[in-house]
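Student: Could we go through this structure together? I would like to start with the ligand and then move to the strands and helices.

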Amino acid sequence: MTTIGLIGSGHIGSALARLAVAAGHEVVLSNSRGPETLSDLVAELGPLARAATAEEAAAAGEIVVVTVPFTAYRKVPVEPLRGKVVIDTNNYYHERDGHIPELDDESTTVSEMLQEHLPGSKVVKAFNNINFAHLAELPRPAGSPERSAIPIAGDDAAAKEQVTAFIDSIGYDVVDAGPLAEGWRYQRDTAAYGTVYVTPGTTYPDWTAQPAPVAVVEEALAAARRYGDM
Ligand SMILES: NC(=O)c1ccc[n+]([C@@H]2O[C@H](COP(=O)([O-])OP(=O)(O)OC[C@H]3O[C@@H](n4cnc5c(N)ncnc54)[C@H](OP(=O)(O)O)[C@@H]3O)[C@@H](O)[C@H]2O)c1
């Protein structure tokens, strides 16, 4: 059992918390409005869950998931995350987040920016490429031909091993996409982003989930093109 800290408990944070608790992990949830606003979710999740401040969730988690709107990433507490494994689920949408020149010109990536904000932490990019409802639907036991894979990227091998074990425990295989700088391979609008887990012919909001096993995710990562090359 691992304690998972969640900085952000919205669509993706709560979906991950449900999967983590189902797998027997403890979760410490947080949001921007305060722990008392998470009482319904804590009640739903049961005794393995509690709510706290973002600082407390960061301090409590052996793995801490940062899953806030991209524009809030600089508010993520730095000190309590020093030395920790941090999963980054975030995505950049200039329509929503405003234009960020270094992301527009692709001189960096979202997760490298979080890593810069958290220089003492070990950031691993994961779960950014799967819709929260599909994330909840697609877990399968190890060995199932219908088991989906989640790509990860990061610069610390031990951190990636810890994240791989966590992802395996909640019902997914992992594809290692390489160092953090390779995280662009499954950023917005790439082949491995979102639709790889969507049944062909179904569209938002009526889309349904389709398993994307390791080979499918590997192929999509290999097919990735930079925005500028599209
Ligand atoms: N939705 C998806 O299917 C999906 C899939 C993959 C990746 N993502 C990405 O994951 C990130 C989160 O997406 P989401 O859909 O889960 O967002 P969301 O539903 O809007 O939830 C955001 C969460 O972050 C919390 N938050 C905001 N500022 C915070 C702060 N300073 N400290 C602590 N918590 C804070 C919010 O708390 P309050 O409500 O109290 O403000 C809320 O719990 C985004 O970058 C998104 O692009 C989303």
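Predicted model: local features only at pLDDT ≥ 70, side-chain atom pairs only at ≥ 80, totals over all residues.

Student: How many residues surround the ligand, and which are the closest?

Tutor: The ligand is surrounded by 24 residues. His11, Ile12, Ser32, Arg33 and Phe132 are the closest.

Student: Which polar backbone atom lies 3.2 Å from an oxygen atom of the ligand?

Tutor: That backbone atom belongs to Gly10. A polar backbone atom of Val68 is 3.4 Å from an oxygen atom of the ligand. Thr89 contributes a polar side-chain atom, which lies 3.0 Å from a ligand oxygen atom.

Student: What percentage of the ligand's area does the protein bury?

Tutor: The protein buries 79% of the 900 Å² that the ligand exposes when taken alone.

Student: What span should α1 have, and how far apart are its end C-alpha atoms?

Tutor: At 1.5 Å a residue, the twelve residues should span 16 Å. The end C-alpha atoms of α1 are 17 Å apart, which agrees with that expectation.

Student: Changing topic to the strands: which way do the residues of β5 point?

Tutor: Strand β5 comprises residues 85-88, with Val85 and Ile87 pointing one way and Val86 and Asp88 the other. All of them are buried.

Student: How many bridges join β4 to β5, and what is the bridge partner of Val65?

Tutor: Four bridges join strand β4 (residues 63-66) to β5, and the two run parallel. Val65 has Ile87 in β5 as its bridge partner. β5 is also joined to β6 by four bridges, again in the parallel sense. There, Asp88 is partnered with Lys125 of β6.

Student: And β6 to β7: parallel or antiparallel?

Tutor: Strand β6 (residues 122-125) and β7 run antiparallel, with two bridges joining them. Lys125 has Ala153 of β7 as its bridge partner.

Student: How many residues of β7 are buried?

Tutor: Strand β7 (residues 149-154) is mostly covered, with six of its six residues buried. Ala149, Pro151 and Ala153 point one way from β7, and Ile150, Ile152 and Gly154 point the other way.

Student: In what sense do β7 and β8 pair?

Tutor: They pair in the parallel sense over four bridges, β8 being residues 173-176. In β8, Val174 is the bridge partner of Ile150. The chain passes from β7 through helix α8 (residues 157-169) to β8, and this β-α-β crossover is right-handed.

Student: Back to the start of the chain. Why does Gly5 count as buried?

Tutor: Gly5 counts as buried because its relative accessibility is 0%, which is under the 20% cut-off. Gly5 sits in strand β1 (residues 3-7). Its C-alpha atom is separated by 8.5 Å from that of Ala54, 49 residues apart along the chain.

Student: Is Leu114 buried or exposed?

Tutor: Leu114 is buried, with a relative accessible area of 1%. Leu114 lies in helix α6 (residues 110-117). The C-alpha atoms of Leu114 and Asp189, 75 residues apart along the chain, are separated by 20 Å.

Key:
Residues numbered from 1 in each chain as written. Heavy atoms only, no water. Buried < 20%, exposed > 50% of the residue type's maximum accessible area, 1.4 Å probe, protein only. Pairing = 2+ DSSP bridges. Right-handed = clockwise from strand over helix to strand, strands pointing away. Near = heavy atom within 4 Å. Polar contact = N/O pair within 3.5 Å; in protein donor to acceptor, adjacent residues only side chain to side chain. Areas by Shrake-Rupley, 256 points an atom, 1.4 Å probe, with all protein chains shown as cover. Expected span 1.5 Å × (residues − 1).
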